[in-house]
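Visitor: Please take me closely through a part of this model, giving the cut-offs behind each term.

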Amino acid sequence: YEVTAKSADGCVSAGTSVTINAQPAGPDAPTVTITQPTCSVPTGTITVSSSLVDLSFSVDGTDYTNTTGIFTSLAAGEYEVTAKSADGCVSAGTSVTVNAQPATPEAPTVAVTHPSCSEPTGAITVTSTLAGLSFSIDGTDYTNTSGMFTSLAAGEYEVTAKSADGCVSAGTSVTLECVTGVFTLSNVNAIAVNIYPNPFTTSLYIAIDDVSQINNCELKIYSVLGDEVISTTVTNQLSTIETSNLPVGIYFYKVIDKGILIQSGKLISQKD
């Protein structure tokens, strides 16, 4: 613009040049990414991405001291993210929601079925009122959604639950104990059976105190998965069982006479 002045006499002054700049451009509404709270981190993070420089950002429309575009430790709630240029122009807002932290399940409540004289393995059953959980007894495999673990060898287990959000509960410790002993049959006196050594290497010995009381006595040995790995008839007071083909590990046995269980227990294979 050329600004001039005219007097009452019609005299016009020299001109003064003036330039009015174009309106400052306001920044676009921010593009944001959000990191939601996790099982271990209770707060969220909002990160603004922009190709423009000299911007400041706000999540409340008031405080524009943030120049990095990274807002951390945000509680659950609604946020309106805006950008302000060096000229003071404020962008339209981008609405963002920070979710609540996912809930972590409580430590599982369990019922235990111990290995018994007639059953070489035990079971663990988880009871829960929550839906969408998966369960583990080793802290790694969470494919079990029923909460029922069967065919378990005697030993220590740590039962945990995982939510659909991936939150893992505290553990519940469980010990499965194998019950062994000497049993009295209905038609004979108590039969004492001794199986040794335990742990064993390449051979086992089974000693029966009175072979006159047995008839068609069998020794059956099972893997922890319940597979029968040895089955032999016992006729002598002291019998040798070849075990060199059994890998190192835990096994269970049953001594059966005339179809009736006399004794059961756990054996351990180890190599020299």
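Guide: A residue is called buried under 20% relative accessible area, exposed over 50% and partly exposed in between (1.4 Å probe, protein chains only). The model is predicted, so local features need pLDDT of at least 70 and side-chain atom pairs count only at pLDDT 80 or more, while totals for chains, interfaces and linings use all residues. Residues are numbered from 1 along each chain as its sequence is written, and side-chain values use heavy atoms, leaving out hydrogens and water.

Strand β17 (residues 217–223) runs antiparallel to β20 and is joined to it by 7 bridges (strands pair if DSSP finds at least two bridges between them). Within this pairing, S223 has Y251 of β20 as its bridge partner.

β20 also pairs with strand β21 (residues 260–269), in the antiparallel sense and over 9 bridges. Here V255 stands opposite Q263 of β21. The hairpin of β20 and β21 has 2 residues between the strands, and K258 takes a positive phi near 55° in this hairpin. In a regular strand, side chains alternate between the two faces of the sheet.

For accessibility elsewhere, consider two single residues. I20 lies in the loop between β2 (16–17) and β3 (31–35), and counts as exposed because its relative accessibility is 63%. K162 belongs to strand β13 (residues 155–162); at 26% relative accessibility, K162 counts as partly exposed.

Definitions and conventions. Helices (H or I, at least four residues) and strands (E, at least two) are DSSP runs, numbered from the N terminus.
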